[in-house]
Amino acid sequence: MANTLAPPLLSLLFLTLLHPLHSSTDAFIYGGCSQIKYSPGSPYESNLDSLLTSLVNSATYSSYNKYSISGSTQQDIINGLYQCRGDLAMPDCATCVARAVTQLAPLCSQACGAAVQLEGCFVKYDNTSFIGQEDKTVVMKKCAPAVGYNPEVMGRRDAVLASLGSTSGLYRVGGSGDVEGVAQCVGDLSNGKCQDCVNEAIGRLKSDCGGAVFGDMFLAKCYARYSTSGAHAYARSHHGEHDEAEKTFAIIVGLLAGVALIIIFLTFMRKAFGRHGK
């Protein structure tokens, strides 16, 4: 049952269109699911429920934690973790992780592995061993359209990103004038692996986004982001699109949740009638 997360195609549909550095903590950024499924009622499903419960409970007192739950067979082992943004208070961290966990089922129904990144937190589980391992795969990038090239603003942007790259720690923030930057690693990475991941994200951000007024580069275990004053004008001009995207996301998640409930109900009825027949 070894597997890796499939490319997060859902993120292409549900990206936040307002500038991310100014979005609410539960704004959806991306999600990804493995292609391998577990069976309803299986030991893996029971272990997954236990794991997610542990993640939600732990987020009430810690901004990061990881868990591994063993099973009677190798196929039932499951690993998971969460990471809240470094500036969140514990109540906001707990709320964000709980929100992320509730989105896993409708987005990745019965998937053996899944990941969800919200504005304020990241949650991932899988039946492969990924904890502590560096992963610089690009899972989501977003660059605003470049409206001309402002050397002065981009110079400050580059200085802020350089500062993020030279600073130590899992969570890093910087600013210069109207330019803001932030970078963060998942807490399972060592200092050296975190530094390597952040540098990779910053390098890709500069090369891929060029003179864009804001940019996001999310790798599998870290991210780097920046914003300039032009991001606010871009956000205002796309506010209508953002509202429509949020409505679409809510409708689709609601429909998926409804389908999941129907499947659970039919499974229960089939088992109930089966016992009655016996």
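Me: Why is Asp 76 called buried?

Reply: This is a predicted model, so the number is computed from it. Asp 76 has a relative accessible area of 10%, and buried means under 20%, so Asp 76 counts as buried. You'll find Asp 76 in the loop between β2 (64-69) and β3 (78-84).

Me: What makes the link between Asp 76 and Thr 73 a polar contact?

Reply: Their side chains are joined at 3.0 Å, and the cut-off is a pair of N or O atoms within 3.5 Å, so the pair qualifies. Asp 76 also touches Pro 43, Tyr 44, Asn 47, Ile 69 and Gly 71, leaving aside residues up to four places away in sequence.

Me: Which residues have the most contacts inside the largest nonpolar core?

Reply: Tyr 82, Val 97, Val 123 and Tyr 125, in a core of 31 residues. The elements that each supply at least two residues include β1 (28-33), α1 (43-58) and β3. The top contributor is α2, with eight residues.

Me: How do you know that Val 123 touches Leu 55?

Reply: Contact means heavy atoms within 4.5 Å, and Leu 55 is on the list for Val 123, along with others including Leu 81, Tyr 82 and Val 97.

Definitions and conventions. Residues are numbered from 1 along each chain as its sequence is written. This is a predicted model: local features need pLDDT of at least 70, side-chain atom pairs count only at pLDDT 80 or more; totals for chains, interfaces and linings use all residues. Side-chain values use heavy atoms; hydrogens and water are left out. Helices (H or I, at least four residues) and strands (E, at least two) are DSSP runs, numbered from the N terminus. Buried means under 20% relative accessible area, exposed over 50%, partly exposed in between (1.4 Å probe, protein chains only). A polar contact is a pair of N or O atoms within 3.5 Å; within protein, one must be able to donate a hydrogen and the other to accept it, and residues adjacent in sequence count only if both atoms are side-chain atoms. A nonpolar core is a set of buried Ala, Val, Leu, Ile, Met, Phe, Trp, Tyr and Cys residues joined through side-chain atoms within 4.5 Å.
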